[in-house]
Amino acid sequence: MRPLSRLLLTALGFTTFVWPVAAKNFRLILAPSDVDRAGQVIAFKLPADAPKSPVLRNVSGRSLALQTDPDGFTRFIVPSQKARESLSFTLAAGASGPREGVVATPDRGDLKLSVAGQPVLYYRLARDVVPRADIKPEIVRAGYIHPVFSPSGHLVTDDYPSNHPHHHGIWTPWTKTSFQGRSPDFWNMQGKTGAEEFVALDRTWSGPVHGGFTARLKMVDLSAPTPVTALNETWQVTVYDVGGASRPVRMFDLVTTQTCATADPLILPEYHYGGFGFRAAGAWNGPGDAARYLTSEGITDRIKGNNSRARWCFIGGPLKDGAFAGTATLGHPENFRSPQPVRLHPNMPYFSFVPQILGEFKIEPGTPYVARFRFIVADGEPDRVHLDAYWNGYAQPATVKLEAL
């Protein structure tokens with residue numbers, strides 16, 4: 001209809017009618033690969049002519065939760081995809097029913113992330129929350145993850161352990177550094193030359209598929225005449241609801257982005273730890289088999305495995321009630337110097353991914369340093385095949401094809 005004709009009809013009291021675009025159903029296909037994949041986070045653009053509130057169902061008719069995010073992508077979780085298996089889903093109108101999913105809530109100085117009402121992890125917000133009165137003020141801090149729980153509720157991390165009270169669950173300061181001619185140590189805060197400090201919680205979200213938060217930290221050089229921030233850091237943590245897995249897991253991602261706060265680089269000389277740390281539960285403290293390790297290369301001896309390169313590393317062990325639990329930390333293939341070397345401590349339940357074992361590097365002004373990790377927390381002994389599948393799902397998620405039905 002021409003614009004003038006439309007105006008005349010409107011003036012005479014008529015309105016034009018635009019026929020609605022009929023919603024279509026779609027088939028969503030995940031391409032096969034030569035490896036098993038688990039815990040895939042699949043993202044796709046919802047077609048304009050898809051149903052307004054679609055439901056995704058697999059070939060058995062089971063519905064999978066969908067979540068459309070601010071970036072315009074819709075996401076869902078595929079618990080498992082076998083090697084050379086193509087998976088097909090139907091995207092259609094329907095009602096999927098209520099789903100609690102992942103919820104982020106404040107909780108007494110922490111941010112709590114829960115799945116289906118059960119706590120998965122806490123992020124420390126309040127600096128003055130300490131477990132004992134003998135904690136020295138210079139190592140009191142916030143801005144780290146602890147506690148972390150297995151699906152059955154077993155604690156798998158530690159905080160302010162008595163033999164190394166500057167260790168905190170999951171935390172990310174650098175150790176041996178050079179900055180403006182000085183040598184601040186942001187890891188060993190008891191030395192008072194450097195500190196990693198929490199700045200602010202910028203965003204939290206909840207949803208049927210995932211929930212999480214973004215937060216800001218900074219690494220401060222305390223050895224300067226006046227304290228100066230060397231690095232600004234952003235954390236993005238995303239917790240997923242992995243429903244339908246053959247073996248229950250808790251799965252979450254950590255993406256850290258570090259940028260220079262001045263015109264000077266942070267130089268990281270060759271060293272044997274720092275940059276990322278995981279301190280496991282106190283029940284596994286001690287030498288020998290108190291803590292059980294397994295790397296992606298099949299290494300279980302913590303002495304032999306130290307400084308080896310690995311795509312993922314598991315740490316866990318037996319608990320007092322006869323149970324067994326632990327966490328595998330998966331390093332993304334895009335991480336610097338991937339697969340990164342690991343520090344497996346000889347007598348403490350602790351490990352670190354350590355790219356600086358391979359030699360000095362710098363974090364330069366204008367070039368962010370980004371590190372990505374995924375955590376798989378489970379009850380029971382670690383299974384290398386199972387964890388390889390999770391790494392494949394993280395590193396090489398399936399490509400998606402949409403077909404109108």
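Is Tyr369 buried or exposed, and what is its relative accessible area?

A: Tyr369 is buried, because its relative accessible area is 11%; buried means under 20%, exposed means over 50%, and partly exposed lies in between, with a 1.4 Å probe and protein chains only. Before we go on, this is a predicted model, in which local features need pLDDT of at least 70 and side-chain atom pairs count only at pLDDT 80 or more, while totals for chains, interfaces and linings use all residues. Residues are numbered from 1 along each chain as its sequence is written, and side-chain values use heavy atoms, with hydrogens and water left out.

Now to the rings. The whole structure holds 25 aromatic pairs; rings of Phe, Tyr and Trp (its six-membered ring) pair if their centres lie within 6.5 Å, and planes under 30 degrees apart are stacked, over 60 edge-to-face, the rest tilted. One of them joins Trp174 and Phe361 edge-to-face, at 5.9 Å centre to centre and 75° between the planes. This pair connects distant parts of the chain, 187 residues apart: Trp174 is in the loop between strands S12 (170-171) and S13, and Phe361 is in strand S24 (residues 361-363). Strands here are DSSP runs (E, at least two residues), numbered from the N terminus. Trp174 and Phe361 are both buried.

Phe361 also leads us back to Tyr369: their ring centres are 5.9 Å apart and their planes meet at 20°, so this pair is stacked. With 7% relative accessibility, Phe361 counts as buried.

In soluble globular proteins, nonpolar side chains tend to be buried together. Phe252 and Phe351 turn up again in a cluster linked by ring pairs, whose other members are Phe276, Phe278, Phe353, Phe373 and Phe375.

Finally, some rings have a charge for a neighbour. Lys45 lies over the face of Phe73, 4.8 Å from the ring centre, and the charged end of Arg311 sits over the ring of Trp391, 4.8 Å from its centre. For this, NZ of Lys or CZ of Arg must be within 6 Å of the ring centre and within 35 degrees of the ring normal.

Key:
Helix = DSSP H or I, 4+ residues; strand = E, 2+ residues; numbered from the N terminus.
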